[in-house]
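Please keep the sequence and the structure in view while reading.

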Amino acid sequence: MRQIFVDLEMNALDERYTYEKNITPYEIIEIGAVMLGRRNKVEDTFKIYVKPQYNDKIGTWYTKITGITTEMVQDADPFEVAFQKFYEWCESCGERYRIWAWSKNDYHQMLFEILLKRLELSEGQKRMMTHWDDFQEWYMHLLREKRPVALSRALGYAKLPFEGSEHDALDDAFNTAMLYVHTRSENNRRQIVELYNREREKKLREAERQTNKPAE
């Protein structure tokens with residue numbers, strides 16, 4: 001079975017689309033994915049920009065964090081075409097696959113945008129949408145942590161550097177995949193938990209010192 005790691009970058013809908021914003025306030029503007037083959041080696045990658053339908057411009061804040069400008073998506077494929085290309089890429093492995101994302105947000109965005117754009121999914125596309133898993137949730141379970149953990153922090157506990165740029169869809173997907181590979185080792189998982197627990201205990205001691213600090 002192949003393991004596919006996906007990340008999405010998004011842009012806000014224009015304020016005038018009040019009804020559409022009730023379905024989702026965002027549109028996908030980039031899809032990035034990494035496919036792991038046998039022995040968890042990177043077998044292929046996927047990256048595509050997506051032209052938004054409900055905003056003529058990429059917001060300044062979204063450009064700042066993603067590096068994606070209006071000009072970069074002007075001639076990009078619309079969502080329905082980009083979604084089909086992503087599906088075909090996933091199917092190209094020729095065998096069963098599982099899709100992982102960091103949190104459930106990307107999966108929900110895909111579902112909401114399918115609804116927003118009124119896409120009629122094929123049976124194969126429906127099957128693809130049932131094979132998504134939340135790797136952030138898996139990692140939180142490993143740490144016995146109830147609060148969401150940022151990908152950069154999760155990599156830090158594993159002593160893995162962040163490769164590339166944060167909020168680049170392909171780079172985020174790649175780093176999630178590398179963290180997955182790292183955590184296939186029981187020894188690595190134990191070291192992650194030990195480092196996390198040490199840091200948590202250090203923060204608790206510091207908080208206790210601040211609480212017991214005498215008033216001046």
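Predicted model: local features only at pLDDT ≥ 70, side-chain atom pairs only at ≥ 80, totals over all residues.

Over the ring of which residue does the charged end of Arg-184 sit, 3.9 Å from its centre? The ring is that of Tyr-180.

**Nonpolar cores**
- The largest nonpolar core comprises 28 residues, and Val-6, Ile-31, Phe-86, Ile-99, Met-110 and Met-128 have the most contacts inside it.
- Several elements each supply at least two residues of this core, including strand S1 (2-12), strand S2 (26-36) and helix H4 (79-91).
- With seven residues, H4 gives the most to this core.
- Another core, of 24 residues, lies apart from it; among its members are Phe-5, Leu-142, Val-149 and Tyr-180.

**The hairpin**
- S2 and S3 run antiparallel and are joined by seven bridges.
- Ile-31 has Ile-48 in S3 as its bridge partner.
- Five residues lie between the two strands of this hairpin, and Arg-39 in the turn has a positive phi of about 60°.

**Aromatic rings**
- The whole structure contains 18 aromatic pairs.
- Phe-46 and Trp-89 form a tilted pair, with 5.5 Å centre to centre and 40° between the planes.
- Because Phe-46 lies in strand S3 and Trp-89 in helix H4, this pair ties together parts that are 43 residues apart in sequence.
- Both of these residues, Phe-46 and Trp-89, are buried.
- Ring pairs link Phe-5, Trp-100, Trp-102, Phe-135, Trp-138, Tyr-139 and Tyr-180 into a cluster.
- The charged end of Arg-184 also sits over the ring of Trp-138, 5.0 Å from its centre.

Methods
Residues numbered from 1 in each chain as written. Heavy atoms only, no water. Core = buried A, V, L, I, M, F, W, Y, C linked by side-chain atoms within 4.5 Å. Buried < 20%, exposed > 50% of the residue type's maximum accessible area, 1.4 Å probe, protein only. Helix = DSSP H or I, 4+ residues; strand = E, 2+ residues; numbered from the N terminus. Pairing = 2+ DSSP bridges. Phe/Tyr/Trp six-rings, centres within 6.5 Å; stacked < 30°, edge-to-face > 60°. Lys NZ or Arg CZ within 6 Å of the ring centre and 35° of its normal.
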